[in-house]
Amino acid sequence: MAETRRVLVYPFGEITGLEVDPVFAQLRESEPLARVRLPYEGEGWLVTRYADVKLVNSDPRFTRAHVGDGIPRTTPLPRRGDSILGMDPPEHTRLRKLVSKAFTARRIGRLRPRIERIANVLLDRVERDGPPADLMDGVSLPLTITVICELLGVPYHDQGKFRHWTDAVMATTAYDPDEAQRCEIALRGYLARLVADHRENTYDDLLGHLVGARDEDEKLSEQELVSFGVTLLISGHETTANQIGNFTYVLLTNPHIIDALRADRALLPSAIEELLRFVPMGNGIGNARIAKEDVELSGGVVRAGEAVFAAGVNANRDRRVFTDPDRLDIHRADNPHLAFGHGPHYCLGAQLARMELAVVLDALLDRFPSLALAVPAAEVPWKQGRLLRGPESLPVQW
């Protein structure tokens, strides 16, 4: 094993809101390859420098195909082997190609008018009901759920069920392991029933396309099909909904930045990229990659068979790449952040997420020039015990 002087227990401490634990910055400078003990299945290595995070996420000497019990992790549920998140090329490439055309920049661009209509309908309702309003329940969640439901082929009226199941599946400590497993089984059963419905009826949506790929071309197994549906449904609404809330909170607690955007809307694209870099979406250190052979990283050598954790939130604060990395700078010109990952597992929905973030923030700036938090910033309630960060609610007034 690589030399190190200590084993750190992860998580390092209680962090609320959008704070980044200062231990990450300390490790980045003094211990870039740190030994950590995870809540489940033992120890692994944590890398915190940009170059190492990129390498671990993209180098074929590291694999995500080692899944199940025995792999160190932060969540009660182990990663499944039939999920695209637990595959390496060429299996990963095979599944990714099935949906990649649905997420091209051109196709996502064609979705913009529909996303704008959804946003305006939701904001009409918020404005009609009057302040205070909760932007999470009023805008963030219904918008992202509507978009992924229409794209994937999931009935919106089922959101009450799959939101609960998603919450449990994406938990670290908020649910006990038995409840998380029951919710995963329920969610997979729900997607299996949708698959059966898509076999009996013709739908022009992603799930229909995947069913065709399964039945006609045998490009994926039945379990892969169900797992793909689960992954797309969860990632398609949960991540962006949280980031809409996170970004709005950051803007409302930095008046000089939101004033600059109100004065010059052309700054919005660079502001979104900077918010993606600056705002930590994950509340953890990511999924383990397993070294297939000995690999030298900053601070030592990882031996074959050992687990490495390489989260973009650490890379995005590396002063070796970003000038003054702990400052939110919407004028930042060079911004090669890793918010959407790097390498083969780069987020399929990155362009869709950017689109939804831009539409909502642009609409909020237009509709409510005096938008402000309806409670002191310290009283905004934040999710606890989950993989993703976000406000439980975001009360605003205008």
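Begin by selecting helix 2 (residues 50-58), which lies across strand 3, strand 4, strand 6 and strand 9 and runs at about 125° to strand 3. Here axes are lines fitted to C-alpha atoms, for helices over the stretch in contact, and angles run from 0 to 180 degrees between N-to-C directions; contact means heavy atoms within 4.5 Å. Helices (H or I, at least four residues) and strands (E, at least two) are DSSP runs, numbered from the N terminus. The model is a predicted one, in which local features need pLDDT of at least 70 and side-chain atom pairs count only at pLDDT 80 or more, whereas totals for chains, interfaces and linings use all residues. Residues are numbered from 1 along each chain as its sequence is written, and side-chain values use heavy atoms, with hydrogens and water left out.

Next, select the strands of the open sheet, 6 in number, which follow the order 1-2-3-9-6-4 with mixed pairing; two strands pair if DSSP finds at least two bridges between them. Strand 1 (7-9) and strand 4 (62-63) are the edge strands, each pairing on one side only.

Go to strand 3 (residues 43-47), where 4 of the 5 residues are buried, that is, under 20% relative accessible area, with exposed meaning over 50% and partly exposed in between (1.4 Å probe, protein chains only). Strand 2 (residues 33-37) pairs with strand 3 in the antiparallel sense over 5 bridges, and Leu33 has Val47 of strand 3 as its bridge partner. The hairpin of these two strands has 5 residues between them, and Glu41 takes a positive phi near 70° there. With strand 9 (residues 307-309), strand 3 pairs in the parallel sense over 2 bridges, and the partner of Leu46 in strand 9 is Phe309.

Now select the open sheet of 3 strands, in the order 5-11-10 and with antiparallel pairing. Strand 5 (133-134) and strand 10 (372-373) stand at its edges with a single partner strand each, so one side of each is left without a neighbour in the sheet. Strand 5 pairs with strand 11 (residues 395-397) in the antiparallel sense over 2 bridges, and Asp134 stands opposite Pro395 in strand 11.

**The nonpolar cores**

Which residues touch the most other members of the largest nonpolar core? Select Val99, Phe103, Phe162 and Leu191, which hold that place among its 96 residues. A nonpolar core is a set of buried Ala, Val, Leu, Ile, Met, Phe, Trp, Tyr and Cys residues joined through side-chain atoms within 4.5 Å. Helix 9 (residues 222-252) gives the most to this core, with 14 residues. Another core, of 16 residues, lies apart from it, and its members include Trp45, Val53, Val308 and Ala315.

Centre the view on Phe103 and show its contacts, which, not counting residues up to four places away in sequence, are Ile108, Leu151, Leu206, Leu232, Leu348, Gly349, Gln351 and Leu352.

**Helix 6 against helix 9**

Select helix 6 (residues 159-169) together with helix 9: the two pack at an angle of about 90°, with their axes 11 Å apart. That makes helix 6 roughly perpendicular to helix 9, a term used for angles of 65 to 115 degrees, whereas those under 35 count as roughly parallel, those over 145 as roughly antiparallel and the rest as oblique. Phe162, Arg163, Thr166 and Val169 of helix 6 make the contact with Leu233, Ile234, His237 and Glu238 of helix 9.

Finish at helix 13 (residues 350-367), where Leu365 lies. Leu365 is buried, with a relative accessible area of 8%, and, leaving aside its neighbours within four places in sequence, Leu365 is in contact with Ile258, Leu261, Arg262 and Arg265.

Asp362 is also found in helix 13, but Asp362 is partly exposed, with a relative accessible area of 21%. Not counting residues up to four places away in sequence, Asp362 touches Arg265 and Leu268. The C-alpha atoms of Asp362 and Leu261 are separated by 9.2 Å, although the two residues are 101 residues apart along the chain.
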